[in-house]
Amino acid sequence: MRVLVGDIRIYIEKKGVGEPLVLVHGNGEDHQIFDRLVERLSHHYTCYLVDSRNHGKSDWTDVFDYDVMAHDILCLMTKLNIKKPYFLGFSDGGIIGLKIAIQKQDALKKMVICGANLEPAGLKVSALRAMEETYQKTKNPLIKMMLDQPHILTKDLANITIPTRVIAGEHDVIKRSHTSTIAHHLLYASLMILAKKNHDDYLVHRDDLYETLCDFFK
């Protein structure tokens, strides 16, 4: 369904039964990346799968900003009466999860942040160069957003009291030291580096995290 949030419509699907779990995809993707994972999670959780603005079936706008995208999710949760859900965010979705926690400290019960960064410099140089080349060819504003944002301060992470699991692949496009910094500055966080995995091959159209999520969310 498409829900009016402010002056745009955000697409969201609801599947399953149990405690609420909000899932947010990465840049240039949509909610369908979680298909295999939600097939299993929906037996235990009411899964809310969101298409961020400028993605999937949500409205396209001229605003490309992680703070605004986080605000969209908070407003959507209020409108649908989704109270203190668990949260899973991948890549841009992970950034959005951190932004949600910064904007509203008690919004989420627990969150899992996968493949996120605090600033563009958190990405490996090779990944940044590839993005820059792609942007020069396509002028895609979604790529531009990743080159310019986010800018999350570690002091803001230190104010987050939501229990968090920070996950990345051993061969992620995010620097290992950067992922460790995120986990280190969150008050109640654990770090999980997945051996032999890259940025997305443990999550996109995969259910590898099923047991990890069930264990963490219980």
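**View 1. Asp 208 and its salt bridge with Lys 197.** Asp 208 is partly exposed, with a relative accessible area of 32%. In this predicted model, Asp 208 forms a salt bridge with Lys 197. The closest N and O atoms of the two are 3.6 Å apart. Both Lys 197 and Asp 208 lie in the loop between β8 and α8, 11 residues apart.

**View 2. The salt bridge between Arg 40 and Asp 207.** The two side chains meet at 3.3 Å, N to O. The pair links distant parts of the chain. Arg 40 is in helix α1 (residues 35–41), and Asp 207 is in the loop between β8 and α8. They are 167 residues apart. Arg 40 counts as partly exposed, at 32% relative accessibility.

View 3. The side chains of Arg 2 and Asp 59 meet in a salt bridge of 3.0 Å, N to O. Arg 2 lies in strand β1 (residues 2–5), whereas Asp 59 is in the loop between β4 (45–51) and α2, so the pair ties together parts 57 residues apart in sequence. Arg 2 is partly exposed, with a relative accessible area of 38%. Asp 59 is buried, at 16%. Shared partners join Arg 2, Arg 9 and Asp 59 into one network. The count of salt bridges in the model comes to 11.

**View 4. The open sheet of eight strands.** The strand order is β1-β2-β4-β3-β5-β6-β7-β8, with mixed pairing. β1 and β8 stand at the edges, each with a single partner strand, so one side of each has no neighbour in the sheet. The twist averages 20° from one strand to the next. β7 and β8 run parallel and are joined by six bridges. Arg 165 stands opposite Ser 190 in β8. Helix α2 packs on the sheet, touching β1, β2 (8–15), β3 (19–24) and β4. The direction of α2 makes about 110° with that of β1.

**View 5. Helix α7 on the sheet.** α7 packs against the sheet, touching β7 and β8, and its direction makes about 155° with that of β8. The buried residues of α7 (residues 176–185) are His 178, Thr 179, Ile 182 and Ala 183. Seen down the helix axis, these buried residues fall within an arc of 140°, so they line one face of α7. Ser 177 and His 184 are exposed on the other side. The cover over the buried residues includes α3 (92–103), α6 (154–157), β7 (164–169) and β8 (189–194).

**View 6. Met 111 and the nonpolar cores.** The largest nonpolar core has 49 residues. Leu 98, Ile 100 and Met 111 touch the most other members. Helix α2 (residues 66–79) gives the most to this core, with seven residues. Beyond four places in sequence, Met 111 has contacts that include Phe 87, Leu 98, Ile 160, Arg 165 and Phe 216. A second, separate core holds 26 residues, among them Leu 41, Leu 88, Cys 114 and Cys 214.

**View 7. Thr 212 in helix α8.** Thr 212 is found in α8 (residues 210–217). Thr 212 is buried, with a relative accessible area of 18%. Leaving aside residues up to four places away in sequence, Thr 212 touches Arg 165, Ile 167 and Met 192.

Note on methods
Residues numbered from 1 in each chain as written. Predicted model: local features only at pLDDT ≥ 70, side-chain atom pairs only at ≥ 80, totals over all residues. Heavy atoms only, no water. Helix = DSSP H or I, 4+ residues; strand = E, 2+ residues; numbered from the N terminus. Buried < 20%, exposed > 50% of the residue type's maximum accessible area, 1.4 Å probe, protein only. Contact = heavy atoms within 4.5 Å. Arc of directions from axis to C-beta. Core = buried A, V, L, I, M, F, W, Y, C linked by side-chain atoms within 4.5 Å. Salt bridge = Lys/Arg side-chain N within 4 Å of Asp/Glu carboxyl O. Pairing = 2+ DSSP bridges. Axes fitted to C-alpha atoms, helices over the stretch in contact; angles between N-to-C directions.
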